[in-house]
Amino acid sequence: MSHDLAATIERLSAQGIHSVLAQFTDLHGTPKGKLVPLALLPEWVHSGAGFAGPSIWGTGLPRRGARSEYHGRVLPGSLRPLPFMPGVAHAVCDGYAGGEPLDTCPRQVLQHQLARAAARGLTLWVGIEPEFFLLRRDGAGRWVAGDGEDRLAKPSYDLKAMHRQRDFLDDMRATLTALGFELQQMDHEDANGQYEINYRFDEALAAADRFQLFQLSAHAVAERHGFVYSGMPKPLAGAPGSGLHFHLSLTDAQGRAVFTDAAGPMGLSAAGLGFAAGLLHHGDALAALCAPTVNSYKRLAASHSASGTTWAPVWKAVGDNNRTCLLRTVAGRLEWRLPDPSCNVYIAIAATLAAGLAGLEGGLPAPQPCDEDLYERHAAGQPMPPRLPRDLCAALDALQAAARLRADVGEAICAQFLRLK
């Protein structure tokens with residue numbers, strides 16, 4: 001046993017930790033895993049916790065032979081005591097099979113994409129904005145948003161609802177802070193029972209890992225307060241849905257911001273415009289991976305909202321601080337508004353980066369800034385920018401046709417995704 005692992009075991013044992021929750025992510029984006037003894041940490045780090053490969057969505061592993069076993073190798077630097085599971089430390093795992101990195105492991109796919117960027121001297125930074133609903137069943141067994149008193153017609157920033165949910169919100173604050181999140185804000189969103197919690201951006205892989213830990217925590221804390229945490233994109237007809245916006249920026253080998261140019265259109269450099277062009281060009285195929293459920297396209301609709309406002313990014317356009325566009329520029333970065341919480345965050349980020357890198361290669365026209373309210377323009381019957389696919393089937397067809405993007409993201413995982421969907 002290495003000195004570092006022995007010290008880690010000793011440190012965690014002194015905190016009352018006896019088990020490790022070895023967690024990986026399946027193709028659907030769902031955290032999965034098992035409990036293993038802390039005392040055997042070297043085995044989990046070097047060989048990995050074993051799982052039956054075909055029992056996991058999207059591995060593509062056979063039912064027999066050496067490659068039928070999925071091994072989740074624990075990353076010791078990710079070990080964090082879980083406030084909601086006393087005696088247990090959470091650990092992120094990378095997927096292996098037959099002693100090799102598994103090309104259908106979403107985390108490995110993102111690492112491959114980040115290595116492509118690193119070969120160009122680029123680092124991707126991502127700020128993830130989780131929106132979610134608190135749901136519960138009423139006496140008749142029907143799903144109700146929030147506590148039943150959350151009924152304002154336009155509930156954004158409703159302080160009364162936040163006061164009623166102060167115990168849940170403070171529990172989330174304490175839990176996330178204990179797990180190392182740097183919280184930035186909590187607010188009531190634009191639907192009844194809907195909230196958003198923001199925390200500091202990070203390097204892309206760490207940001208994806210942290211979102212998975214956020215989901216685990218939110219499920220546990222919500223249950224403790226009598227709610228169900230829901231990342232369903234559109235749980236309530238007539239109300240706004242939940243997005244999972246990615247705030248994207250690149251830095252070069254010297255740590256300089258690549259997208260930013262105060263004198264450029266929308267505050268973007270030529271590289272920023274190229275990256276944006278890649279996202280818009282591949283938008284239809286990216287929809288399959290960033291909005292991967294039938295319900296996703298109930299959110300991605302130009303429909304009326306009960307609150308009078310809809311934030312769904314329907315049209316493939318980019319605008320400076322324009323939330324009616326698929327892509328919003330703000331403070332020299334790009335806000336990619338397509339993803340929703342049903343996505344596999346590793347695959348969604350990997351595909352987004354692959355499309356952006358393709359755009360950096362040039363050959364695509366720089367997108368023109370959109371300074372209109374596209375919902376008003378649509379309501380007036382005026383010509384519109386191209387729109388995203390209207391349903392999952394059309395998005396999957398677009399991904400199937402996008403040979404270059406599939407090759408860049410990884411043929412193995414795209415084939416599994418398309419087969420599953």
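Strands are DSSP runs of at least two residues, numbered from the N terminus. In this predicted model, strand S8 gives the largest share of the lining of the largest pocket, six residues. That pocket holds about 910 Å³ of space. Its lining counts 49 residues, and those closest to the centre are Glu129, Glu196, His247, Arg328 and Glu335. Five elements are listed as giving two or more residues to this lining: S8 (123-137), S10 (183-188), S11 (194-199), S14 (244-251) and S17 (333-336). By class, the lining of the largest pocket has 17 nonpolar, 18 polar and 14 charged residues.

H6 gives the most, with five residues. Six nonpolar, four polar and four charged residues make up the lining of the second largest pocket.

Helix H6 (residues 204-224) also packs against helix H10. The axes of H6 and H10 come within 9 Å and cross at roughly 155°. Angles over 145 degrees count as roughly antiparallel, and H6 and H10 are therefore roughly antiparallel to each other. The crossing is right-handed. On the H6 side, the contact is made by Ala204, Leu205, Ala208, Asp209, Phe211 and Gln212; on the H10 side, by Val345, Tyr346 and Ile349. By class, this contact has seven nonpolar, one polar and one charged residues.

H10 (residues 345-360) has a further partner in H3 (residues 106-118), with axes that come within 8 Å and cross at roughly 25°. Angles under 35 degrees count as roughly parallel, and H3 and H10 are therefore roughly parallel to each other. H3 passes H10 in a left-handed crossing. From H3, the contact involves Pro106, Arg107, Val109, Leu110, Gln113, Leu114, Arg116 and Ala117. From H10, it involves Tyr346, Ile347, Ile349, Ala350, Leu353, Ala354 and Leu357. The contact of H3 with H10 has twelve nonpolar, one polar and two charged residues.

One cavity of 30 Å³ or more was found. The largest cavity holds about 40 Å³ of space. Of its 13 lining residues, Thr25, Ile56, Thr59, Thr104 and Pro106 are the closest to the centre. Pro106 also takes part in the contact of H3 with H10.

How values were computed. Residues are numbered from 1 along each chain as its sequence is written. This is a predicted model: local features need pLDDT of at least 70, side-chain atom pairs count only at pLDDT 80 or more; totals for chains, interfaces and linings use all residues. Side-chain values use heavy atoms; hydrogens and water are left out. Axes are lines fitted to C-alpha atoms, for helices over the stretch in contact, and angles run from 0 to 180 degrees between N-to-C directions. Helices (H or I, at least four residues) and strands (E, at least two) are DSSP runs, numbered from the N terminus. Angles under 35 degrees count as roughly parallel, over 145 as roughly antiparallel, 65 to 115 as roughly perpendicular and the rest as oblique. A crossing is left-handed if the near helix is turned anticlockwise from the far one by less than a right angle, and right-handed if clockwise. Contact means heavy atoms within 4.5 Å. Ala, Val, Leu, Ile, Met, Phe, Trp, Tyr, Cys and Pro count as nonpolar, Asp, Glu, Lys and Arg as charged, and the others, Gly among them, as polar. On a 1 Å grid over the protein atoms alone, a cavity is a set of points where a 1.4 Å probe fits but cannot get out, and a pocket is an open set with protein on both sides within 12 Å along at least five of seven lines; lining residues have an atom within 4 Å of a point. Grid points are joined across faces, edges and corners, and a volume is the space filled by probe spheres set on the points.
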